[in-house]
Every structure is written in structure tokens, then in C-alpha cells.
Amino acid sequence: MFHINSQTTKGLRIIIVGCGKVGKTLIEQLSREGHDIIIIDHDSAKIEEITNMYDIMGITGNGASYSVQKEAGIETADLIIAVTDSDELNLLTCTIAKQVGNCAAIARVRTPDYSKEVGYLREKLGLAMIINPELEAAKEAARILYLPTALEVSTFAHGQAELIKFKVPEDNILDGMTIAHLGGKFTNNLLVCAIERDGEVYIPSGNFQIQKGDIFSFVSTPKSARRFLKTIGFNTKQVRNSMIIGGGKAAYYLADQLIRMGIDVKIIESDRKRCEELSVLLPEAVIINGDGTNQDLLKEEGIETIESFIPLTGIDEENIMLTLHAKSVSNAKVITKINRITFSDVISQLDLGSVIYPKYITSEAIVAYVRARTASIDSNIETLYHMFDQRVEAIEFRVYEENSRLANIPFKDLALKDKLLVAFICRNGSIIIPGGQDYIQVGDAVMIVTAHTGFRDILDILR
């Protein structure tokens, strides 16, 4: 349905160490955007499979080895990304790369002990970025539980703006209303960015008519968003309690976030030793040692009355079954974390509540950094977020003097590409939902929602 915007900017030379879930997602996205990619993994079968699938080079070996990095061309690389299963190996890989080459380095680090020292590690090791998929997934889940009627809540402009996605229920006031009528009747403090209907995604104009069942995405300030949702009949109170199945890293991070928000947390974990560890790490949580897939135990622990339910077992199929069970026996807000399964068309047909993909959260942050490096000015992209199975992108740009060719010109006088919206301008800490008379100034943060992919610079919005 959508035209893909091609870029002529020269790509970067990138070494990716580790061909797991995140590594594969990065390879797919970065090779699509025209970068020169070399992958390193100790598993020769994985290397063969991926190099056959994509037009890239592969080396079997230890990514932290000086000779292996030299063979991969570290001396001429622009960036090395270490996403193996081992935090220590990722940090060591980046440290060696920084000694040998003149490249930027990104490491995936998931252990809570290291996560508390991210700033120190990044500074001392000279890393461009340290990314923690479990922690980022926990933050996303916590945002949703703060506003449980939403399917997704993403933040921009350092939390001053939110992109919120929800499903239009039957008999809702929005059913049959046009976008123009919505703006006139309720509020001008939000912008409808995209609507998905029957698998098609629309960036709607004023005469677009909303229907029940539509997946509706809008951007606004947190305060205005809650006021709007309340006006159209949605509950905007955060959940009071939560049941988490599984006690791994993701469960620890999420429980820690929820307890800070004043939400009561119960974790069910089958490993007794891990339960003892969690009791020390999370003294305010209730830790149950038991099988979280046992229906009798779930009933006994109050699944029928719990306000939110998040299965984090590490096995996607188990998480999906637990979510469907919770939906059938309770009114709980459910969040499903999916690590591995790629059948997005099947998943979208299941009623899984809010679905979180840690591998995409990780890859989006890295792709945003790569695009900023490739653009005419470093760090032009502040935030990147994919919507509707990667078909639409929401990108937050910072406008610098060097790319200010469109500054101070009203939007109505700019030749903007089609299938594109300017969702908000953040200026001096205030969010502006722009109209035709508004314009961009140097120093603004600007969010664009577009059906084109691969934007690297604010100037890409022009025809």
C-alpha cells in the first residue's frame, strides 16, 4: 500500500557480533537501509543461514578476539554492535574494538548489576550506547499499566509527548465520527497519526470516518491525552495490582518499576532459589514459588480479580496461552511479551491485549542512532518508533542550524511529501500540535509520522 522512500546517502560499514533474535532483527533492518554489514558468531550454521538470506559477509569466531575483529575489518568499520547472550562478552568486544579501530561501539547489557552502572560503563569504555532490552520492555509495560485502556504508550520529547494506540470499542462516541469533527468537538490538543482497519494502515485526512474496531493512534501531552480518553468513555486510572508469571530479568525490572508507581506486585516463579533471590531484591513484592501455568494455582492466587496480568516465562507460546487464559477468566489488563515468534499476522488475530517485542525496542534505538550517524549532521534523530508491523515510522528530529532550510516557513507554504504528518513541535518545553500557520524554529524537536521509511534528516520531509 505504501511507497518506500529510497535513500541515496552512503551507508555505514557495520560489524554485528551475535546472531540471536536482536542480531537478526538488526541485520534485516540495517541491510534494508543500505549499510555494509559483516556479522560474527561462533555458530557456523547460523552464519551460513544468515549470509545466504542477506547479501552480507559472515565470519565464524569469537567477536571479542582481536584477530577475528581484524579479519572483519575493524580498522575501517564505522560501528560495532555487540548483541551476544553474554554481557561480559559484549563489553569486552566493544572495549577491544575501541582499542583497535576508530569506530563507535554499542553493547547490549541486560544484567541488573551492570544496568545500575550504565553511565559509568559507557563513559569509561567510550561506548556510544548501552542498551537493555528487558529494561526497555519493562518501561513500556509500566507505561501501559499507568494507562491500561491503551494498547501502546510511547514517549517522545523526554516524556512531554505521548503516542497512544487504542482500539475503538463498539458503541463508542467515536464510531462514525470524522477526524475533522473530532478536532472541532473535543480538542485541538491532539493529532490523529494513523488508523489501522482490516490490515490496511491509513494516515487520515479530515474527512476520514472512524469506525468501531479501528486501531487508533494519536499524539498529545500526557495531561491532554488522559482528558481526551476520559471524555470518550475510557478508564484512565492506573492499575492497583499486578500478577507476573516468571521471575527472570524482565520480571525483576517490571516489578521494580511497578512498585515505584505504587502498584502491588505478585510474582509466581517455579525455581525456589530464584524466589529467594527475588525476595531479597524486591522485599515489597509477594513472591510465590510454584508453577505459573497451573490453573488451580493461578485461581488460588487471585487471577480472577487481579487488575493486570503479565506472563514473562521466556517461552512465547506459554506467554500467549497464559494471556488467553487470563482473558477468559478475568477482566485483567494483559500484556504479552513476545521474543521469538515471527507470525505477526497470526498474533494480530489473537486477543493478546498489549504486545511487546523487546527485539524491536532494541533495534529501533540502534537504527535511530545509525540513521543519525548517516545523516548530514550527527544526532539529528532523537527517537525512532515503528508502528503497525514496521509500516509506519514515528521519528523525533532535533532541528539544528545546519539543517534549518525549512525553519520559519509556515507548513502551508512547504512542499511536504504525501503520507506524512507533522505530529508535534516541542519548543522550550512546550508541546505545539501544529496547524498550517505554524512553523519550525532552530532548536525545536519535531515529530514526524510517515508511511515512507528510512528518513535520516528533518529535510527528508520535503518533496
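Predicted model: local features only at pLDDT ≥ 70, side-chain atom pairs only at ≥ 80, totals over all residues.
**Group meeting: sheets, cysteines and a pocket**

Let me begin with an open sheet of five strands, whose order is β7-β8-β11-β9-β10 and whose pairing is antiparallel; strands here are DSSP runs of E of at least two residues, and helices are runs of H or I of at least four, both numbered from the N terminus, while two strands pair if DSSP finds at least two bridges between them. At the edges stand β7 (152–156) and β10 (200–202), each with a single partner strand, so one side of each has no neighbour in the sheet. From one strand to the next the twist averages 15°, with axes fitted as lines to C-alpha atoms and angles running from 0 to 180 degrees between N-to-C directions. Within this sheet, β8 (residues 161–167) and β11 (residues 215–220) pair over six bridges in the antiparallel sense, and Lys 167 stands opposite Ile 215 in β11.

Residues are numbered from 1 along each chain as its sequence is written, and side-chain values use heavy atoms, with hydrogens and water left out.

Turning to another pair of strands, β12 (residues 241–245) has four of its five residues buried, so this strand is largely enclosed by the rest of the structure; buried means under 20% relative accessible area, exposed over 50%, and partly exposed in between, with a 1.4 Å probe and protein chains only. β12 pairs with β13 (residues 264–269) in the parallel sense over five bridges, and Ile 244 stands opposite Ile 267 in β13.

How many disulfides does the structure hold? The count is zero, a disulfide being a pair of cysteine sulfur atoms within 2.5 Å. The sulfur of Cys 94 lies 8.2 Å from the closest cysteine sulfur, that of Cys 103, which is too far for a bond, and Cys 94 is buried, at 0% relative accessible area. For Cys 426, the closest cysteine sulfur is in Cys 193, 15 Å away and again too far for a bond; Cys 426 also counts as buried, at 8% relative accessibility.

Finally, which residue classes make up the lining of the second largest pocket? That lining divides into 14 nonpolar residues, seven polar and one charged, where Ala, Val, Leu, Ile, Met, Phe, Trp, Tyr, Cys and Pro count as nonpolar, Asp, Glu, Lys and Arg as charged, and the others, Gly among them, as polar.
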